[in-house]
Amino acid sequence: MSRKFVVAGAQLGPIARDEPRSSAVSRMCALMREAHRRGAALVVFPELALTTFFPRWYTEDAAEIDRWFETAMPNPDVQPLFDLARDLGIGFHLGFAELTPEGRHFNTAIVVTETGEIAGKYRKIHLPGHRENETWRAFQHLEKRYFEKGDLGFPVFDAFGGKMGMCICNDRRWPETWRMLGLGGAELVVLGYNTPFHYPPAPEHDHLQYFHNELSITAGCYQNGLWAVAVAKAGHEEGCDLIGGSIIVAPTGEVLARAATVGDEVITAEVDLDRCAEIRANVFNFALHREPQDYHLITKPK
């Protein structure tokens, strides 16, 4: 049985601080329709896709922060996206800020099937940035203040005829993320990101942002024999330039599709999950070549 299907990356341009969720959802619905016209079975939206990237602002007002979070998924603001997906028969990945009934805050992503059911959930583990107001910065990056570290591990779940996994933004930079997903048997990894062009602690690396984005994802795919769809929130958002560069990558590490803008844009490619065997049965045959007994420093406490 063929395990080929078309995937789409739905890059979003900037979302203003005062832009309502209904506007972001309307834009995503338009991108979903375009992905469907191109034959996509799955469309991937960015990290924190419903709002502006709010961790760039410092506040001590809990209510001010909580307004950026979703207390249910779906909810009335997002229901049109679920309804359209069901009508079109297309699945999607969505990143959002999650406030649980217990009052916990996570940077979260879900995969929704073509029937509108949530097939998998992931909560971001590698939170970048800082906790306190660092006034020397041109903008803040307060993910460590506003989110808890994810508590779901790196789950792999059945969807779209294969094994799927997720990660979020900074997770993609860590080889352990990809190896955990690879060890779990993931054949397709979907992820969103909000990556500033300017990195205040090391501005000498600013010109490398696009390169490091692709390097992390292509290496993760090749070294674990899996597909990836990585999708940006991009453009000049509330005084901060976010990189685009959304890509779809094969298990060989080859980039099959790449966004050309920093605005709302759809990219597509055909995925064949059976191609994972090209890598996993050869150079990166884990059972034959991996030597975990010699990797003890990887999990040794710092």
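Start with helix α1, where Arg21, Ala24, Val25, Arg27, Met28, Cys29, Leu31, Met32 and Ala35 are buried. Buried means under 20% relative accessible area, exposed means over 50%, and partly exposed lies in between (1.4 Å probe, protein chains only). The model is predicted: local features need pLDDT of at least 70, side-chain atom pairs count only at pLDDT 80 or more, and totals for chains, interfaces and linings use all residues. Residues are numbered from 1 along each chain as its sequence is written, and side-chain values use heavy atoms, with hydrogens and water left out.

Helices (H or I, at least four residues) and strands (E, at least two) are DSSP runs, numbered from the N terminus. Helix α1 covers residues 21–37. Its 17 residues should span 24 Å at 1.5 Å a residue, and its end C-alpha atoms are 24 Å apart, which agrees. The expected span is 1.5 Å times one less than the number of residues. Just after α1, Gly39 takes a positive phi of about 90°.

What do the buried residues of α1 pack against? They pack against β1, β2 (40–44), α3, β3 and β14. Contact here means heavy atoms within 4.5 Å.

Now turn to the sheet. Six strands form an open sheet in the order β5-β4-β3-β2-β1-β14, with mixed pairing. Two strands pair if DSSP finds at least two bridges between them. The edge strands, β5 (118–123) and β14 (265–272), each pair on one side only. Strand β1 (residues 4–11) runs antiparallel to β14, and eight bridges join the two. Phe5 stands opposite Val271 in β14.

Next comes the interior. In soluble globular proteins, nonpolar side chains tend to be buried together. A nonpolar core is a set of buried Ala, Val, Leu, Ile, Met, Phe, Trp, Tyr and Cys residues joined through side-chain atoms within 4.5 Å. The largest has 47 residues, of which Met164, Leu188 and Val190 touch the most other members. Strand β9 (residues 227–232) gives the most to this core, with six residues. Leaving aside neighbours within four places in sequence, the contacts of Leu188 include Phe5, Val7, Met164 and Trp227. A second, separate core of 29 residues includes Leu31, Ala35, Ala40 and Val78.

How many disulfides are there? A search of the whole structure finds zero. A disulfide is a pair of cysteine sulfur atoms within 2.5 Å. The sulfur of Cys240 is 11 Å from the closest cysteine sulfur, in Cys169, so it is too far for a bond. Cys240 counts as buried, at 2% relative accessibility.
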